[in-house]
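Biologist: I would like to learn how to read a structure like this one. Please take it feature by feature.

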Amino acid sequence: MLQGASATASGATDNGARQIREIVFQNYPPRALAAGEQGAVFFVVRLDKDAHATECEVTHGSGHPLLDIETCQLIMLHAEFKSARDASGHLTQQTAEGVVNWTIPGRTPEPIRPILLTGDQKPEKVVCKKNVRVGTLAAVERTCMTSSEWAKRSDEYRQTFQELQGRRGFTSEGMCQGPTCDSIAQQEYLKALATQNPK
């Protein structure tokens, strides 16, 4: 798993360890870096059959909330995992545990003292979902957000859909009208709408 700037992942080459240190340093929260905050953050990550992270949760914190919050973002964006197979040889979902030891380059790492996080102390779980990518040849893209960010996005989509359905006073006044419209289909739709709802 990822280790911080002073630790080496088990079995990692010197080059691999250097790359891990660079990734951690490049993603160090600026305020935590300026304050000299360091520490180990323990996490649990759930993986799909293709070994893509789908969910990450911090279990033990560093004593520094900025580092705790950033850990799952770092894991979801940069960590690579190997696929697991069941007894029949089929790819299977799995759960992995790990630690990110946030250490500022040139400084001595803090002793690892895991702090069990519960309730409000615990950063929100980060969840990744696959969405259909629009306008490209790629089939899907992964989007990772906290549970509250997913809920907010869902509410925004619901509100937009309701407006398009006319349930919330949507009018065509804000829509493109006239010969400058992007498509003939849109112009035809506006004409049909105007004949159904004459002023």
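Predicted model: local features only at pLDDT ≥ 70, side-chain atom pairs only at ≥ 80, totals over all residues.

Biologist: How many helices and strands does the protein chain have, and in what pattern?

Modeller: The protein chain has 5 helices and 8 strands. Along the sequence they run α-α-β-β-α-β-β-β-β-β-β-α-α. Of its 199 residues, 31% count as buried.

Biologist: Which residues touch the most other members of the largest nonpolar core?

Modeller: A nonpolar core is a set of buried nonpolar residues joined through side-chain atoms within 4.5 Å. Here the largest one has 25 residues, and Val 45, Cys 56, Ile 75, Met 76, Phe 81, Val 100 and Trp 102 touch the most other members. Two or more residues each come from β1, β2, α3, β5 and β7. The most come from α3, which gives 5. Leaving out residues up to four places away in sequence, Met 76 touches residues including Val 45, Cys 56, Val 126 and Cys 144.

Biologist: Where does Glu 37 lie, and what is the nearest side chain of opposite charge?

Modeller: A salt bridge needs a nitrogen–oxygen distance within 4 Å. Glu 37 lies in the loop between α2 and β1. Glu 37 is buried but has no salt bridge, and the nearest side chain of opposite charge, Arg 31, is 7.7 Å away. Beyond its neighbours within four places in sequence, Glu 37 is in contact with residues including Tyr 28, His 64 and Ile 104.

Biologist: How many residues does helix α4 have, and what comes just after it?

Modeller: An α-helix has 3.6 residues a turn, so residues three or four places apart point the same way. Helix α4 has 18 residues and reaches 26 Å, close to the expected 26 Å. Just after α4, Gly 166 takes a positive phi of about 85°.

How values were computed. Residues numbered from 1 in each chain as written. Heavy atoms only, no water. Helix = DSSP H or I, 4+ residues; strand = E, 2+ residues; numbered from the N terminus. Expected span 1.5 Å × (residues − 1). Buried < 20%, exposed > 50% of the residue type's maximum accessible area, 1.4 Å probe, protein only. Lys, Arg positive; Asp, Glu negative; His and termini not counted. Contact = heavy atoms within 4.5 Å.
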